Amino acid sequence: MDLETLLSYEWGIMTPEFIILGVATALSLMDLFMPKSQSRKILGWVGFAGVLAALVSLLGLIGHGPESILLDTFRLDSFAKAFKLLLLIGSAMVLLIATGYEPNEGLEEFRGEFFYLFMAALLGAMIMSSSGDLITLFVGLELLSISSYILAGMRKRNLHSNESAMKYVINGSIATAITLFGMSYVYGLTGTTNLKEMAGFLTSVYNEQHIYLLGLAFFMIVVGLSFKLAAAPFHMWAPDVYQGAPTPVTAFLSVVSKTAGFIIMIRILFSIFANAPSGDAQGLPMILALQDYVAFLAGATMIIGNLIALRQRNIKRLFAYSSIAQAGYLLVVIASMSLFMFDTLWFYLGAYLFMNLGAFAIIQHVTHKSGSEDISQFAGLYRRAPFLAIAMAIFLLSLAGIPGTAGFIGKLNIFMGALVPSEGHYVLVSIMIATTVVSYFYYFGVMVQMFFRPAGDTGKVKIPAALTAVIGISLAATILFGVAPNIAFDFLQGNFNQFTDFFQ
């Protein structure tokens, strides 16, 4: 590729990625030359400023039409812009949580690598959202995954952290191998790694053996990516990793990493398998013929996540199973494949981002002050810190799907989307309603501790400014999108054109 060809590309569409890459490089150099005795919190604020700069540049690209560069390996379409928005907002809030993180082991254990590994993970997620090629998708996935493995084991002197990192690496490596094996089958059938070329080639595949191999590839890719989403029965790593990882890393894995998992699943499944023949008598595309398997995955994830959460006493393990259950709700969106699937998925991931990060900001503060992650540490929180208790209650109500919150609107959209198709997923919706009711027990159990149990420590709680900002922003968004969800949907329709350019 000559210089003239390189200069002819519209590199401006990669501005957010270049900013994140530059900031990650700058943070690593700053950490290298800073005195060891100096606090690394400044790196967190530099990273936060970098994420905000990338967010501003992305907002400047919203009016930009769909475009691809580098032989269609990088695509800037409505899907990429909308989901990068969630990734950057979530990452900015996680960085605020991280700057307020002062574990008992001391922040010096993090050193500076926490912040630039975090930026590398974010870069991987952003690359996935704009990938038009299996190779760049896989590179983005591994950049996110490898950084996450290291982040999970940041507390080197903590046995739980060591265990969580080991389990995460082993399970993640197996998942990656299965996903790559599935991708290799699709590549072998089509002779290309470009998603558009793959989709075009597969529309004309009618050989029964080729269709069988394609179905096998579909299953392997779904199973491999289900590990990344912590979907049952591939969720085994999540509770231990959530418990052992530092709280900011747990927040990152529960929101940003999960969003990235759904991004790559949508990119692969709906780019490759949307028009591929399934070989059934009705002539359905493969993704429609096999959607019942995704529905089974969704149902199992909702049931297992919510039922096992009932027995948890560690607040981070409880939120791990809550996160598993939320992945099940989001898989219902993919299984139903309604007309407004992308809008529903985007809104629920956005609502989940705010309510979960707000909850983790409070969890971090309460558990740090007490030195324990047991749910009993929330006892009497309303008397010690009324603002924290009320905010936590609203986040829990939103996670439970109570009316007046963003979580309720998100679940309502999922219900409607699953019932609208001509053959509505009534069993799946029934499971979703039943498991949502089950979730009330463990969410309300935390609220009982906060409002109706005596406080063990009567001292007032002082909240760091960074955590206050995260809680305040999350609280405002959770209530606003619950009361006036049309603001989010108008923004989607006005700027992303219902994601119609996804298949172009």
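1. In this predicted model, helix α9 is made up of 22 residues, and the distance from its first C-alpha to its last comes to 31 Å, which is close to the 32 Å expected at 1.5 Å a residue. For a reader following the side chains along such an element, an α-helix has 3.6 residues a turn, so residues three or four places apart point the same way.

2. Just after α9 comes Ala-230, whose phi takes a positive value of about 60 degrees, and this residue belongs to the loop between α9 and α10. Most residues other than glycine have a negative phi, and most peptide bonds are trans. Ala-230 counts as buried because its relative accessibility is 2%, where the cut-off for that word is under 20%.

3. The loop between α9 (208–229) and α10 (237–244) also holds Pro-233. Another positive phi in a residue other than glycine is found at Asp-72, with a value near 70 degrees. Asp-72 sits in the loop that joins β1 (67–69) and β2 (74–76). Is this residue buried or exposed? With 11% relative accessibility, Asp-72 counts as buried.

Definitions and conventions. Residues are numbered from 1 along each chain as its sequence is written. This is a predicted model: local features need pLDDT of at least 70, side-chain atom pairs count only at pLDDT 80 or more; totals for chains, interfaces and linings use all residues. Side-chain values use heavy atoms; hydrogens and water are left out. Helices (H or I, at least four residues) and strands (E, at least two) are DSSP runs, numbered from the N terminus. Buried means under 20% relative accessible area, exposed over 50%, partly exposed in between (1.4 Å probe, protein chains only). The expected span of a helix is 1.5 Å times one less than its number of residues.
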